[in-house]
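Good morning, and thank you for joining.

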Amino acid sequence: MTSHQTGSHGMVVGIDPDRNWRLALAWAADEAQRRRLPLRLVLAVPHQHDTHHVDDTPGQTALRQAGSDRLEQACNWVRDRHPEVSVTGDLLGGFPVHVLGGAAREARMIVLGSRHLSRTAEFFSAGSLVVPITAQAHCPVVVVGDAEHISQQPPYLVAGIDGSASATAALAFAFDEADIRGAALRVVCVWQPPLVMLDDEEVALRAQRALLSEATAGLSEKYPDVHVTHEVLTGHPVEELARAAEHALAVVVGRRGSGGYTGMRIGSVVHGLLHRAHCPVITVPTG
């Protein structure tokens, strides 16, 4: 099943033919329904030979047929879950990281599944695509490694901020997401004590609290229905944010920008959360 919706500015979901894709797809389908966006499912079939000729070997034909069947199954699954969501499937040839990176260029959001894997043996899996796609994408990237914690009442999201431009963009996204969901928002700033304290600790914590108030002031006015709490935590940013989001719908953080393949430009906190957090992780680029 192959159809094309280039430049739809909807949501893109990477479908892995070798693992359970329903967790990430459920998140994406629900979000598409909330935001009234079209959903594009993309499954990449790596070429077995070079990329300059049509690869019609029996093995490749079988892979494409299996991929087409999986795409059709996934599209039907979305239609059963949300009949009002427009969903299409694209079966594309090429390396998954290049295919999904290209598909995300005009997307509003891209959604990937993950089992927090990082081994070289998993290179073609969705888990191994998480870091390079997150580093490259010009749109928010959602990594769904675990289910949302919808039993927590009231439901809430966590936004981690540090005063950077990317954190400002992430905070704006988090407010919008909380408003759409009718959820509360915990805005968290993590202060990591330096090895040598040059200032009094209370002075440093007051500066962090001021940062939180300044960052949320205008957005709280724009989204008056979102219940916001400010929290300054002390410790390692990855561990504290993951702990704060333990029962969250998602954790939202900024990333330094797009570009790079190895993930060095996504930042150590984002990289850590992608493997540590037990809720969906949403990373937002500057702008």
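Setting aside neighbours within four places in sequence, Thr-283 is in contact with Thr-134, Cys-139, Pro-140, Val-141, Val-253, Arg-255 and Val-270, where contact means heavy atoms within 4.5 Å. This is a predicted model, in which local features need pLDDT of at least 70 and side-chain atom pairs count only at pLDDT 80 or more, while totals for chains, interfaces and linings use all residues. Residues are numbered from 1 along each chain as its sequence is written, and side-chain values use heavy atoms, with hydrogens and water left out.

Thr-283 belongs to strand S10, residues 281–285; strands (E, at least two residues) and helices (H or I, at least four) are DSSP runs, numbered from the N terminus. The relative accessible area of Thr-283 is 1%, so this residue is buried, a term that means under 20% relative accessible area, with exposed over 50% and partly exposed in between (1.4 Å probe, protein chains only).

What of the strand as a whole? Five of the five residues of S10 are buried, so S10 is largely enclosed by the rest of the structure. In a regular strand, side chains alternate between the two faces of the sheet. Here, Val-281, Thr-283 and Pro-285 point one way, and Ile-282 and Val-284 the other.

I turn now to the pairing, for which DSSP must find at least two bridges between two strands. Strand S5, residues 141–144, runs antiparallel to S10 and is joined to it by three bridges; Val-142 stands opposite Ile-282. Strand S9, residues 251–255, runs parallel to S10, with five bridges, and Arg-255 has Pro-285 as its bridge partner.
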